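Hi everyone, thanks for making time for this one. I'd like to walk you through a single chain and what its surface looks like.

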Amino acid sequence: MPDGHSDPEKNQNDFPNDEIELIDLLRVIWKRKFLIVGGTFFLTSVAVIISLAMPKIYSIDTILEPGILN
């Protein structure tokens, strides 16, 4: 437009639709549920095996100094 005013319809079309639908995210999660559950189970199993395979180390350090009783 020659008068310097911008066209509101043109400004709306300049930007792509950036909305994210929650239902689309839930569909992706539901589609990949076995991958999510399987990966969680696998990593938990690995952590348990490593924890049980590590040697048990219990240690304590103490310094006893005699005191003076009045």
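This is a predicted model: local features need pLDDT of at least 70, side-chain atom pairs count only at pLDDT 80 or more; totals for chains, interfaces and linings use all residues.

**A helical chain and its surface**

I36 sits in helix α3, which covers residues 33–53.

Now let's step back to the whole chain. We have three helices and zero strands, so to speak of order, the elements run α-α-α from the N terminus on. How many of the 70 residues count as buried? The share is 0%. The accessible surface of the protein chain is about 7,800 Å², and carbon and sulfur atoms account for 65% of that.

Together with I20, L22, I23, L25, L26 and I29, I36 makes up a nonpolar patch on the surface, with about 700 Å² of accessible area in total. Which helix gives the largest share of that patch? That would be helix α2, residues 22–31, with five residues.

In general, side chains of opposite charge can pair when their charged atoms come close. Here the count is one salt bridge. The partners are R27 and D24, with their closest N and O atoms 3.5 Å apart. R27 and D24 are about one helical turn from each other, because they lie three residues apart in helix α2. As for accessibility, R27 counts as exposed at 54%, while D24 is partly exposed at 37%.

Terms used: Residues are numbered from 1 along each chain as its sequence is written. Side-chain values use heavy atoms; hydrogens and water are left out. Helices (H or I, at least four residues) and strands (E, at least two) are DSSP runs, numbered from the N terminus. Buried means under 20% relative accessible area, exposed over 50%, partly exposed in between (1.4 Å probe, protein chains only). Accessible areas come from the Shrake-Rupley method with a 1.4 Å probe; for residues, only the protein chains shown count as cover. Patches are made of residues with over 30% relative accessible area and no salt bridge: like charges are joined within 9 Å, nonpolar side chains (Val, Leu, Ile, Met, Phe, Trp, Tyr) within 5 Å. A salt bridge is a side-chain nitrogen of Lys or Arg within 4 Å of a carboxyl oxygen of Asp or Glu.
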